[in-house]
Amino acid sequence: MISRTWVFVLLATLTHATWGGEAVPAAADPALEARVTAVATELRCLVCQNQTLADSNAPLAVDLREQIREQMQQGASERDVVDYMVARYGDFVRYRPPFKATTVLLWAGPALLMLAGFAALYIRLRRRRGEAPPGLSDEQRSRAQALLADGAEAGRK
């Protein structure tokens with residue numbers, strides 16, 4: 001029984017190792033592939049949103065890289081490809097969108113959120129400074145003294 005298990009593990013390991021192979025370049029022309037990669041690094045994956053098209057393996061990213069490759073094979077420049085993608089998907093497709101009226105919140109948003117946080121902290125601290133610490137009522141004070149006195153007596157025994 002144990003020998004069959006080891007034979008199975010060995011065959012599974014050998015079979016899995018034969019699946020690997022040398023990576024085939026996507027384009028026969030390395031210069032074209034370098035241009036495709038350069039453009040794909042400037043564009044955002046619309047599925048992942050935190051990766052470039054070059055870094056993402058999402059099916060849409062693969063399709064968009066193939067579209068970039070086809071356009072460049074037909075003679076389009078890098079600028080033409082980026083303009084096409086922006087026209088189709090908007091400025092969001094750019095990994096570094098330009099600063100203009102439609103993207104001002106994208107650029108200024110983090111600073112505005114940080115300023116709002118500091119303002120809220122400042123207001124909270126100002127309000128706290130003006131408040132007097134809560135006092136004890138006479139009943140609470142006498143109860144606390146009784147508890148302390150009972151604790152002190154228990155500690156002496």
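# Exercises on a Predicted Helical Model

Leu105 is a residue of helix 5, which spans residues 104-130. The model used throughout these exercises is predicted.

**Exercise 1. Determine whether Leu105 is buried or exposed, and identify the nonpolar surface patch to which Leu105 belongs.**

Solution. Step one concerns accessibility. A residue is classed as exposed when its relative accessible area is over 50%. Leu105 has 63% relative accessibility and therefore counts as exposed.

Step two concerns the surroundings. Leu105 belongs to a nonpolar surface patch together with Phe99, Val104, Leu106, Trp107, Leu112 and Leu115. The accessible area of this patch is about 770 Å² in total.

**Exercise 2. Describe the overall make-up of the protein: how many helices and strands are there, and what share of the residues is buried?**

Solution. Begin with the secondary structure. The protein contains 6 helices and 0 strands, and its pattern along the sequence reads α-α-α-α-α-α.

Next, consider burial and surface. Of the 157 residues, 19% are buried. The accessible surface amounts to about 12,400 Å², and carbon and sulfur atoms account for 61% of this surface.

Finally, consider the contacts between residues at least 6 apart in sequence. Of these, 43% join residues at least 24 apart.

**Exercise 3. Characterise the packing of helix 2 against helix 4, and state which residues make the contact.**

Solution. Two packed helices are described by the angle between their axes and the distance between the axes. For helix 2 (residues 30-42) and helix 4 (residues 78-89), the angle is about 35° and the axes are 10 Å apart. The crossing of helix 2 past helix 4 is right-handed. Helix 2 contributes Arg35, Val39 and Glu42 to the contact, while helix 4 contributes Glu78, Val81 and Val82.

A salt bridge joins two of these residues: the closest N and O atoms of Glu78 and Arg35 are 2.9 Å apart. Because Glu78 lies in helix 4 and Arg35 in helix 2, the pair ties together parts that are 43 residues apart in sequence. Glu78 is partly exposed at 31% relative accessibility, and Arg35 is partly exposed at 29%.

**Exercise 4. Find how many salt bridges the whole structure holds, and examine the pairs Asp83-Arg79 and Arg141-Asp138.**

Solution. Side chains of opposite charge can pair when their charged atoms come close. A search of the whole structure gives 6 salt bridges.

Take Asp83 and Arg79 first. Asp83 is partly exposed at 34%, whereas Arg79 is exposed at 53%.

Then take Arg141 and Asp138, whose closest N and O atoms are 3.9 Å apart. This pair lies in helix 6 (residues 138-156), and because its members are 3 residues apart, they too are separated by about one helical turn. Arg141 is partly exposed at 40%, whereas Asp138 is exposed at 64%.

A further group consists of Glu33, Glu66 and Arg69, which are linked in a network of salt bridges.

**Exercise 5. Locate Gln51 and list its contacts beyond its neighbours within four places in sequence.**

Solution. Gln51 occupies the loop between helix 2 and helix 3 (59-73). With a relative accessible area of 31%, Gln51 is partly exposed. Its contacts, apart from neighbours within four places in sequence, are Leu43, Arg44, Cys45, Ser56 and Tyr95. The C-alpha atoms of Gln51 and Thr41 are 8.8 Å apart, and these residues are separated by 10 residues along the chain.

Technical notes. Residues numbered from 1 in each chain as written. Predicted model: local features only at pLDDT ≥ 70, side-chain atom pairs only at ≥ 80, totals over all residues. Heavy atoms only, no water. Patch = residues over 30% accessible without salt bridge, like charges linked within 9 Å, V, L, I, M, F, W, Y side chains within 5 Å. Areas by Shrake-Rupley, 256 points an atom, 1.4 Å probe, with all protein chains shown as cover. Salt bridge = Lys/Arg side-chain N within 4 Å of Asp/Glu carboxyl O. Helix = DSSP H or I, 4+ residues; strand = E, 2+ residues; numbered from the N terminus. Buried < 20%, exposed > 50% of the residue type's maximum accessible area, 1.4 Å probe, protein only. Axes fitted to C-alpha atoms, helices over the stretch in contact; angles between N-to-C directions. Left-handed = near helix turned anticlockwise from the far one by under 90°. Contact = heavy atoms within 4.5 Å.
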